[in-house]
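Subject: Structure handover, salt bridges

Hello,

Here is the structure you asked about. My notes on its charged side-chain pairs follow below.

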Amino acid sequence: MPEEAIYQLRNITYHYPTGEKALDDINLTVYKGERLVFLGANGCGKSTLLKLINGLIFPQQGSIFAFGEMINEERLSREEIAFAFRRKIGFVFQNSEAQLFNSNVWNEIAFGPIQMGLGREEVVRRVEEVIEMLELGPLKNRPPFKLSGGEKKKVALASVLSFNPDILLLDEPTNGLDPRTQRMLLNLIKQLNKAGKTIISATHNLDILSELSDRIIVFGEEHRLVAEGSSEEILSDRSLLIKVNLIDEEFHSHTHGDGHRHFHVHA
Amino acid sequence: MAVPEWLLVPQEQISPNASIKTSFLKNRLRKVSFIDKTLEELTTVVRDEIFSEAIAGRDGLLQKINPAAKVVSIFILICVACLIRHIIPLLILNIWLLLLAYISSIPLSAFIKRVWLVVPLFTGIIVFPSIFNFIQPGTPLLSLFHFSQRIHFGPWVFPSVLAITSQGVWGAVILILRAGACISLAALLTYTTPWQSVLKALQKVFVPQIFVSVLEMSYRYIYLFLQSASEIFTARRSRSLGHTSTKEQRSFVSGAIGSLWSKAINLSKEIHAAMISRGYTGRPDTITNFRIRTLDWLWILFIVTVSALLIGGDRIFA
Amino acid sequence: MHIPDSYLSPQTTVVMGAAMLPVWGAAVKKVKNNLTTKFVPLMAIGAVFSFVIMMFNIPIPDGTTAHAVGGGLLAIILGPWAACICISISLAIQALFFGDGGILAFGANCFNIAFILPFFAYYTYRLIAGNSEITSSRRWIGGLIGGYVGINMAALCTAVEFGVQPLLFHTANGAPLYAPYPLGLSVPAMAFAHLLIAGPVEGILTALVIRHFQASNPSLLNIMGNAGPVSVYRKLWWALGVLILLSPLGLLANGTAWGEWGLDEIEKMIGFIPHGMQNFSDKWHALMPDYGLPGLDNTLGQSAAVYVLAAIVGTALITGVTLLFGKLARSKNAG
């Protein structure tokens with residue numbers, strides 16, 4: 001089908017301030033409304049790529065175009081451009097502790113809408129509705145240190161959804177979640193995607209790939225893109241997964257009746 | 001990965017007769033690690049502070065007062081406590097504060113413990129020497145000891161009679177009562193107000209938003225940091241057996257502080273990214289819905305009257 | 001070194017607080033210009049760090065422990081202005097939520113611990129470290145001496161603040177109203193504790209952590225980027241200037257409570273009595289002749305009776321209104 005490209009990354013190379021390489025010559029296009037997953041082992045640079053996409057860090061080489069416009073440090077330092085850009089993108093960080101920097105859940109969810117300049121009534125309405133949707137009512141006056149890991153992740157998601165971004169960036173969304181919360185999260189993501197939102201996630205969790213993705217991009221340990229395909233294609237390529245250090249020889253895969261493929265180890 | 005052989009057999013037994021080793025352990029027990037104590041105490045305090053939010057949610061007088069009005073009134077009353085110079089008005093003030101605690105549903109036993117166990121201990125010890133005439137000459141109240149002559153000790157001269165002076169005792173009692181009142185007032189504020197409201201109130205009253213924002217974020221991360229500091233020390237305790245030298249302990253402390261700092265810097269970078277990502281442009285902004293009601297105005301009026309009565313009483317009658 | 005409320009007279013705390021206002025203003029301006037959006041998260045986390053550090057105890061050879069302020073360290077890694085903000089915030093949290101250090105005495109505590117300490121520590125450090133390599137031993141030696149100097153200067157200020165109290169504020173018969181120890185006692189006492197124990201601890205701690213960073217992660221010593229060539233002396237003089245400006249506090253020690261001069265003393269000081277004051281004073285005396293109620297002779301028994309009666313009426317009034325407020329608040333809640 002004809003798809004609208006919202007992001008174009010060309011020849012992106014990024015080094016950490018220490019000089020260590022994080023991303024090497026990345027070329028990538030993101031289409032509107034798709035579910036895209038960056039798959040790779042720990043430290044392959046997938047989180048760094050999410051930060052580049054959000055304009056939180058900037059590459060030393062290469063260029064990023066978002067919604068047809070160039071994204072760089074100089075342009076994003078202009079407030080009106082930063083405003084228009086940031087409100088389109090919501091980033092759920094891997095470390096909820098850092099993401100939840102406000103003093104309680106309500107303020108956390110309200111932070112984005114307030115900063116984006118929504119009116120007071122609108123802020124209150126949105127916060128209350130997001131709280132209701134994610135069943136956070138009993139938590140709304142709690143400080144973050146009184147939340148469980150799953151609750152923190154939910155609040156982090158709520159804090160991003162409250163300003164209704166078109167693109168959601170999720171870094172290891174299901175890490176540390178119990179099965180039930182994980183299910184809830186995956187269902188919500190599916191629903192948001194149906195409503196037209198673009199979902200870009202980074203993960204090393206093979207079990208959630210098929211639910212999280214239309215398209216997968218695989219990162220190698222040398223910080224380059226090594227493969228691209230649907231979850232079925234990627235999961236059936238055992239040698240690829242071994243090559244990028246996601247599994248080793250001991251893993252086996254099963255395909256269930258519904259076509260869901262799943263890797264595990266026999267003791 | 002090759003697992004070393006010794007890891008695959010059960011741990012060696014320590015013979016209970018090994019006297020050297022047990023003396024080692026005794027030594028260690030005696031010197032309960034220098035820092036565990038403070039950290040544990042502190043984590044308890046933090047938890048208590050958090051628990052005290054339960055009192056803030058109770059139905060009581062001070063809980064009903066607008067936090068901004070409350071902050072102002074507490075501030076006025078601390079000034080009053082510091083301006084009073086006589087015992088009777090200070091006593092009246094302290095008893096009235098107990099009454100306030102009572103009708104604010106603060107358990108009196110906890111309140112009295114927090115104020116009147118701590119204050120005489122700390123302030124009491126500090127002012128204790130000042131009741132003697134060698135610190136502050138004055139009218140003797142009780143002569144304790146007669147020396148044959150004045151004693152010269154460097155620049156200091158000790159009088160020939162060691163006595164407790166009435167001025168000294170009077171000053172000490174005033175100081176303890178006043179410290180009690182000040183601590184009571186601070187406790188009343190923290191017991192009856194959720195900390196976020198305290199911060200919002202500060203912002204309403206005299207403190208610039210930028211300070212309040214920093215304060216708010218600091219408070220939010222204190223618990224996390226105490227936890228990680230605690231973890232560093234617990235991890236060390238579980239690994240170290242026997243006595244460690246002062247030198248080792250010092251290098252451990254500096255290492256712990258170092259790693260805490262690098263953790264802190266990384267965390268602040270992540271928080272910054274998370275803030276920027278949600279549209280932060282350097283102007284912190286919050287929604288407050290404080291309403292100052294008639295009750296609050298009446299309360300402030302009442303506090304001002306009480307203050308005037310106490311100070312007036314102090315200056316004129318006492 | 002945290003001064004609780006009630007040790008300093010309100011007048012002193014007002015002066016100290018007023019002295020801190022321009023410092024805070026300048027600190028926010030300077031640091032915020034450098035950091036822009038990073039200001040809030042970095043200062044907040046710096047404050048948490050200083051809060052936790054103030055909880056750290058460090059063993060000293062005789063087996064006891066001393067607690068370190070860590071202000072010197074913070075000043076070296078973040079610069080003195082940022083350290084001033086971080087320590088002030090952490091002092092505020094301690095005063096507001098942990099009852100450690102007074103609310104009224106907040107200005108004084110900030111002056112000693114958040115201003116004098118980091119500035120003296122930092123400029124001593126810069127003086128010794130100069131523009132040496134980040135791994136040079138001049139750095140940790142600078143930290144050692146900087147931490148030592150910083151905490152001792154802070155202790156000296158604290159001792160002076162304490163020490164002027166009995167001179168400035170006492171009753172007619174000489175009983176002290178606030179901290180009871182005069183300069184001759186408070187300064188040696190604080191100096192002893194800090195020159196011999198707390199100072200070395202602070203210095204050694206600062207040096208050890210600097211060495212730790214030099215070995216493990218030198219970039220952490222340079223968070224704020226290079227401070228550039230520092231005009232060490234100018235800034236040091238500036239800090240000293242503030243101190244000198246504040247010293248009249250000590251010179252006003254004439255045996256009367258500061259700010260409560262009698263009219264003749266005001267006349268002596270400024271050469272004349274403001275007219276309004278004279279008027280007011282006459283009226284006041286007419287109303288309250290010699291601290292008694294008008295129309296009553298000052299016989300002991302009578303005055304005592306009046307005092308007791310007034311006290312009882314006043315107290316009963318206060319109690320009654322307080323209980324009324326309790327009722328009012330409760331009914332509001334029900335409604």
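In this predicted model, Lys46(A) and Glu172(A) are joined by a salt bridge, with 3.7 Å from N to O. The two residues come from distant parts of the chain, 126 residues apart. Lys46(A) belongs to helix 1 (residues 46-53) of chain A, while Glu172(A) lies in the loop between strand 7 (167-171) and helix 8 (179-194). Both partners are buried.

Another pair in chain A is Arg78(A) with Glu80(A), a salt bridge whose closest N and O atoms are 3.5 Å apart. Arg78(A) has a relative accessibility of 40%, so it counts as partly exposed, as the class runs between the 20% and 50% cut-offs. Glu80(A) counts as exposed because its relative accessibility is 51%, and exposed means over 50%.

There is also a contact between chains. Glu108(A) and Arg278(B) form a salt bridge at 2.7 Å, N to O. Glu108(A) sits in helix 5 (residues 105-115) of chain A, and Arg278(B) in the loop between helix 10 (246-277) and helix 11 (294-317) of chain B. Glu108(A) is buried, since its relative accessible area is 1% and the limit for buried is under 20%. Arg278(B) is likewise buried, at 1% relative accessibility.

Salt bridges with shared partners also connect Glu122(A), Arg125(A), Arg126(A) and Glu129(A) into one network. Over all chains, the structure holds 19 salt bridges, including the pair Lys46(A) and Glu172(A).

Regards

Note on methods
Residues are numbered from 1 along each chain as its sequence is written. Chains are lettered from A and ligands numbered from 1 in the order in which they are written. This is a predicted model: local features need pLDDT of at least 70, side-chain atom pairs count only at pLDDT 80 or more; totals for chains, interfaces and linings use all residues. Side-chain values use heavy atoms; hydrogens and water are left out. A salt bridge is a side-chain nitrogen of Lys or Arg within 4 Å of a carboxyl oxygen of Asp or Glu. Helices (H or I, at least four residues) and strands (E, at least two) are DSSP runs, numbered from the N terminus. Buried means under 20% relative accessible area, exposed over 50%, partly exposed in between (1.4 Å probe, protein chains only).
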